[in-house]
Amino acid sequence: MTDTPSGKKELKKIAVLTSGGDSPGMNAAIRAVVRSAIYRNLEVAGVMNGFSGLLNNNFVEMQSHSVSKIISRGGTILKSSRCPEFHHKDAREQAVKNMHDNGIDGLVVLGGDGSFRGANDLWKEFGFPVVGAPCTIDNDIYGTDFTIGFDTAVNTAVTAIDNIRDTADSHNILFFVEVMGRHSGFIALHTAIATGAEATLIPETPTSIEKLCNYLVSERRKNKTSGIIIVAEGDDEGGAEDIAKKVRTQLPDYETRVSTLGHVQRGGSPTCNDRVLASLLGHECVCSLIEGRSGVMIGREHKQIVYVSLEEASSKHDVIDKSWISISQIISI
Ligand code: F6P
């Protein structure tokens, strides 16, 4: 970084890393960062394995061709990790030193709230220029309508549940389908509405097994012989396996099955929505660093690019609209 005549620091080289759980669209975001940086005459380094790569000097020089044909690929070509060492200030200091030694004067972090905490520390403690873009399938990041990866994950879940529905109908089975989302019910609620699920159990509202059983009995009276119950993995009564067990003790005559979708929701080729979102946010990350904006997550709300402090993006969470639960139930009867 050099001083311009106006006193503003001029960037010469930036780095980009992916951190936390991978999400479909991370590659599209890397591609946008690399190409936008080259377009603005910046050098770009890819950091391998998330924050660990900053500690181990694991940098690779990125050229335009390094990101050819990755826009359609799930996962992340830079690989990702969770890095507990980064919770220590000494490690962060070493990371800043390594970046300086490699001529890097700005960093783009593609990840979720945990990654933004590490990014925010680099900015707050050392004034190192850093921006982030929200990448997680959970969609629980504060300050953006959608996170990169969510749209692909819910579409994958919807396809899987549509398939399960065929078997549920053919054999009169009550299916408990567990979806991801950690402590949040975004994936569960969206897939429930999109698949016409009979009930949705999410961490944001208390689950009553008794109420669920009463509801299932009332459904049977209406001659519904099969059903899909979506269970968010973070539900307070447990995962789909636990809930199915509790329901079976009260309704032993019901034929039930459990299906846990798991990591199939994390992988796969990103949807058009995720590719576009990743490309717009990745591009804006570079523009922001060039303009001297730092310590922010770049999000998108109401069709506009927004800048949210990393402090807020890492400490607050986006919340579901609880009215969707009853809407989902009303239209599935
Ligand atoms: O945050 C993304 C996510 O897939 C969550 O939905 C899930 O709880 C978690 O990561 C699983 O993490 P891991 O792959 O480390 O088990």
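A pocket is an open set of points, on a 1 Å grid over the protein atoms alone, with protein on both sides within 12 Å along at least five of seven lines. A molecule sits in a pocket if more than half of its atoms lie within 2 Å of its grid points. Here the ligand takes up the space of the largest pocket.

This is a predicted model, in which local features need pLDDT of at least 70, side-chain atom pairs count only at pLDDT 80 or more, and totals for chains, interfaces and linings use all residues. Residues are numbered from 1 along each chain as its sequence is written, and side-chain values use heavy atoms, leaving out hydrogens and water.

Around the ligand stand Arg82, Thr136, Ile137, Asp138, Met180, Gly181, Arg182, Glu233, His263 and Arg266, each with a heavy atom within 4 Å of it. Both domain 1 (13–149 + 270–315) and domain 2 (151–266) give residues to this shell, so the ligand lies between them; the domain bounds come from an automatic or database domain assignment.

Some of these residues make polar contacts (pairs of N or O atoms within 3.5 Å). An N or O atom in the side chain of Asp138 is 2.7 Å from a ligand oxygen atom. For His263, a polar side-chain atom lies 2.8 Å from an oxygen atom of the ligand, and for Arg182 the distance is 3.3 Å. Of the 400 Å² of accessible area that the ligand has on its own, the protein covers 73% (Shrake-Rupley method, 1.4 Å probe).

Definitions and conventions: Polar contact = N/O pair within 3.5 Å; in protein donor to acceptor, adjacent residues only side chain to side chain. 1 Å grid on protein atoms, 1.4 Å probe; cavity = no way out; pocket = protein on both sides within 12 Å on 5 of 7 lines; lining within 4 Å.
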